[in-house]
Amino acid sequence: MERVRWMDLQLFAEGGGDGAASANAAGTAAPAGEQTTVIYGKQEGTAMPETQPEAPQAPQPEAESFDSLINGKYKEDFTQKAQQMIDTRFKQTKKLEQEREALRPVLDALSARYGVDMRSKDFAQQLQAAIDEDDGFYEQEADRLGLTVPQLKEQRRITNENAQLREALAERERQEARDNVYKDWVEQGEKLKAVYPEFRLDVEAQNEGFVRLLQNGIDVKTAYEVVHKDELLSGAIRYAVQTAQQRTVEDIRARGMRPQEAGAGNSTAAAKVVKADPKDWTDEDMREATRRAMMGEKIRL
């Protein structure tokens, strides 16, 4: 049973009228043409603001580990992706083996001619050195070009060095281009953290779909939103629900302190302000409530 107690300051129960009729009890001037009546204590059908139940919060999803994901809901996708990687690597290895087998007769012949062991770790370097020392290897071409063997060897050396230099320059340019692109991605990623604090470029770089979008000229923000569209949509919905719940709670709490509107067309009707919780009363409210109790008004707390 709800416990109801009356203010102990009720001294004249038989005398005095209803203190609720006191105008401007809180000492606040009412607008022209309108009177404000302050009602103290808990009113019939009005719940105390602090007793309003909190709206249930949407459960936050727990972070799942990588192992639980690849062995759970992403098991099939992960297995398929891993198999694709294995198949690709197997095809590359198979191609290298086929190329090596095609070269084996040539290498066998050269190895036998120059006495170089194919099983040695530096077989290629030994074979190249043996060929460079073999003037007979160059004589026919030197005669065709009208050069001596030493001249032809020097020409070959310069040609090879120039080719290596051009390749090194080209590789450096490619590396600089890659560095500039990556630097731009990093800068975009830092700006994106202002919108999505959980974003990490090193983590997203493990996502083939994300990387493919970047390689095709898509900016970091768009690529991230495309790859994570489902999670972002779910988070947006959850945020909207929580925001609506919070607004509802705040609206319910505000009802206990909201002035009741006067009837339509009655510009002189008294506006009522309910002050149900004594914790919110000022010293003036306490004096006024005490005066009303002494006049016989029943104030329920």
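Y224 is buried, at 4% relative accessible area (buried is under 20%, exposed over 50% and partly exposed in between, with a 1.4 Å probe and protein chains only). The model is a predicted one, in which local features need pLDDT of at least 70 and side-chain atom pairs pLDDT 80 or more, while totals for chains, interfaces and linings use all residues. Residues are numbered from 1 along each chain as its sequence is written, and side-chain values rest on heavy atoms, leaving out hydrogens and water.

Y224 also turns up where helix 5 (residues 149-192) meets helix 8 (residues 220-227). Here helices are DSSP runs of H or I with at least four residues, numbered from the N terminus. The two pack at about 65 degrees, their axes 9 Å apart; axes are lines fitted to C-alpha atoms over the stretch in contact, and angles run from 0 to 180 degrees between N-to-C directions. Helix 5 brings W185, Q188, G189 and L192, and helix 8 brings V220, K221 and Y224, with contact meaning heavy atoms within 4.5 Å.

Then there are the rings. Those of Phe, Tyr and Trp (its six-membered ring) pair if their centres lie within 6.5 Å, and planes under 30 degrees apart are stacked, over 60 edge-to-face, the rest tilted. The count comes to four aromatic pairs. F137 and Y138 sit edge-to-face, 5.4 Å centre to centre with 80 degrees between the planes; F137 is partly exposed at 40%, whereas Y138 is buried at 5%. F199 and Y224 are edge-to-face too, at 5.2 Å and 90 degrees. F199 lies in the loop between helix 5 and helix 6 (201-204) and Y224 in helix 8, so this pair ties together parts 25 residues apart in sequence. Ring pairs link Y196, F199, F210 and Y224 into a cluster.
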